[in-house]
Amino acid sequence: MSRPSRVLDIARYLVVKALAGRRGIVEAIYMYYTGNGSIAAMAHRLGVRKHQLRGYIQRVAEKAGSAKEARIFVKHVAPAVLRVVRPIIVDGGSVYRCTLCGETFTHPYVAEIHVSQQHEDVVERCIDAVIDELMKQLRPRSST
């Protein structure tokens, strides 16, 4: 798997989480890979089990090919996701509602599946926006 496809896989993973109203998970993955938080403390803050959060972190490493590569990719991709992606699933306590079609869910994982399967066009637009954001960062600034 080439680097660009690994970056896209990580971007898709984080975009779906953000669209499904799980920005905290994206933030926690970012904090973990930048060395700014422990899994136990972040899991407690998010109200998830620490082995769940560890699983999310491990999936990113698998998509990247290694923890070292994940650290490099997440350092750039996660902030772009957090800047450009607005959730389409809102949490009303224990019920998640899609703002695009009105469907409701009682579990965040089901909301993620809904986003990735029913709103693929939105996911793709968000990935494009994230990649555009990353490309802007990589472009050399012209001196005027």
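A residue counts as buried under 20% relative accessible area, as exposed over 50% and as partly exposed in between, with a 1.4 Å probe and protein chains only. The structure is a predicted model, in which local features need pLDDT of at least 70 and side-chain atom pairs count only at pLDDT 80 or more, while totals for chains, interfaces and linings use all residues. Residues are numbered from 1 along each chain as its sequence is written, and side-chain values use heavy atoms, with hydrogens and water left out.

Lysine 17 lies in helix α1; because its relative accessibility is 3%, lysine 17 is classed as buried. Beyond its neighbours within four places in sequence, lysine 17 has contacts (heavy atoms within 4.5 Å) with Arg22, Arg23, Ile25, Val26, Tyr56 and Glu112.

Helices (H or I, at least four residues) and strands (E, at least two) are DSSP runs, numbered from the N terminus.

| Helix | Residues |
|---|---|
| α1 | 3-19 |
| α5 | 67-84 |
| α7 | 120-138 |

The axes of α5 and α7, lines fitted to C-alpha atoms over the stretch in contact, with angles from 0 to 180 degrees between N-to-C directions, come within 9 Å and cross at roughly 120°. Helix α5 is therefore oblique to α7; angles under 35 degrees count as roughly parallel, over 145 as roughly antiparallel, 65 to 115 as roughly perpendicular and the rest as oblique. Residues of α5 in this contact include His76 and Val84, and those of α7 include Cys126 and Gln137.

Three strands form an open sheet in the order β1-β2-β3, with antiparallel pairing; two strands pair if DSSP finds at least two bridges between them. Strands β1 (89-91) and β3 (104-105) are the edges, each pairing on one side only. Tyrosine 96 is opposite phenylalanine 105 in β3.
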